[in-house]
Amino acid sequence: MNKGFKIFAKPYIVWLALLAILPMFVMLILAFMYSEGLSFEEAYFTFFQFQMLGEYSILTAFFNSFLYATITTVISLVLGYFVAYNVHKSKFKNKFLILTILILPMWSNLLLRIEALGNLMEPNNIITQWLNINGDLSIKGTMPAVIIGLVLTYMPFMILSVYTALEKIDYSLEEAALDLGLTPMQKFWKVIFPLSLKGVATGSILVFLPSMSGFAIPEFLGSGNILLIGNVIEAAFRNMDYNLGSLLSVILLFVILGALIIVSKVDKEGETLL
Amino acid sequence: MTKTYPRATLKEYGYKDYSVLKKIYKVFSIVAVILIVIGLYLSIIMLAIQSVNSSSSVTSFNSFTLKWYAEMFSVRSLKTAIQNTIVTSIIATILATMLGTLIAVGIYSFEKKKRQAIMLFNNIPLLNADIVTGISLMLVFSMLLPIFPYIFGPTTLIMAHLFFTLPYVILSVIPKLKETDPNLMDAALDLGVRPFKALRKVIVPAITAGIFSGMLLAFTMSIDDFVISYYTTGNGFDNLSIWIYGSMGRKSLTPSVYAFSTILTLVTMLTMVGYQWFQRKGRKVHVKR
């Protein structure tokens, strides 16, 4: 490619520096200060926010975020891998169409989907009315409700990443494995699964990060009983406590930085991220 | 005197008969995949049911009606929210597609080491938690407040959408750039075409598929975004997600919004299926020729 075209990328580097890197430093500074919102007139340097970190509610929120995100990732991985593998193996000619069908739910509004799921989890809803169920089956406000919501929302990302990785595996490798006497089960664990690890890694990151940091799903499906770290950050900024909010965001940023490093290791140019 | 031995069976050779197990597994996997797909569609199905319910309560079904479809735009605030969403998403998508393609070409012109470093930064908006991205942008835009007092609103919303959609376009264009013949550009230049014209006439046609898939992704992400928009829009400029969030908080969601969502789902579904059908037809005609 013509070296002269480099000029197109340079403004983008500035844009990323201004909108992605600069605010990280602003948050880092805010985390060490006491200020009224964003006005720095009476601001002073303090470690007060760090004492807040020891608060029971914040520790629980962090613990819950990791717990829920891990459970969601594991469930999505098992189910998503299963779906991706079966679509990959299926004899349908038009696999693109099947994938589209799997992703299509992502195109209607996330909040509406959550609300609809939440209605299904209420003690009285249209389905219980039709099926004439009188007992209380409601799970809204509990851990399974939030996890079901997270899995159903973010699993498509896993399916897509794993499927992309599976499609790249050379079919002759599978034939070779069978020729050399592996059973189908061994073939899967010794050949296919290791080769699809790239997709598993990116898929897990794409599921783990939003489930850890989102605030809408726990807010509506947890009916206020369940606090994740996203909810605490949202509440902090809503109450104009920019300092605590910034500190928590910076901590979250370190987790994301870890994910970024993993991605740059397994996939140098971000090819499986889509 | 020859001794007759019984014939060795397949089992004695170490062959294990898995055919029954295989059949069971096959049925199981089909059922499981169908169940998972139904799970993914559960909320969409519920939305569709709620949109044809004559009662505006979501707990009981009265009778079938299409009145919410007819009244879709009668709620003023919903109508403006839908308009805002569509306008900002379209503007952001067009800008992201054009700029993203140019940026991708630019990034691709760098040597490999630098390119990977830029891609690492390019992944930040993609992997960053929505809430952190939203707050970061809000902080940057707030710092601009002394210079532009009225910046929060459509401008910041479009800029924010541009910020998180650009990486998607870039990520889908670069693999296509890698696939193009590196000699194409040189050939065009040798034939006396100016670099920019060569880019337009030679490179862009070669990477159209990547540009389109990037555009589709950008639009998808932009039209459904809630968290980032929530932090970067100004007072009184709501997009659909923010409007829904507000109404959900007040427990005053009108079924018209279910109707709008259902129509949107049906239209996208039909478009995708239709596109597939046309493509296959096109391919068949091509083969016949």
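View 1. Rings of Phe, Tyr and Trp (for Trp, the six-membered ring) are called a pair when their centres lie within 6.5 Å; planes under 30 degrees apart are stacked, over 60 edge-to-face, and the rest tilted. Counted this way, there are 22 aromatic pairs over all chains. One aromatic cluster is formed by A:F215, A:F220, B:F226, B:Y230, B:Y231 and B:Y245. This is a predicted model, in which local features need pLDDT of at least 70 and side-chain atom pairs pLDDT 80 or more, while totals for chains, interfaces and linings use all residues. Residues are numbered from 1 along each chain as its sequence is written, chains are lettered from A in the order written, and side-chain values use heavy atoms, without hydrogens and water.

**View 2. Helix α1 of chain A meets helix α6 of chain B.** On the α1(A) side, the contact (heavy atoms within 4.5 Å) includes A:L18, A:L22 and A:M27, and on the α6(B) side B:I135, B:L139 and B:F141 are among the residues.

View 3. You will find A:K6 in helix α1 of chain A. Leaving aside neighbours within four places in sequence, A:K6 touches B:G106, B:S109, B:F110 and B:E111.

Terms used
Helix = DSSP H or I, 4+ residues; strand = E, 2+ residues; numbered from the N terminus.
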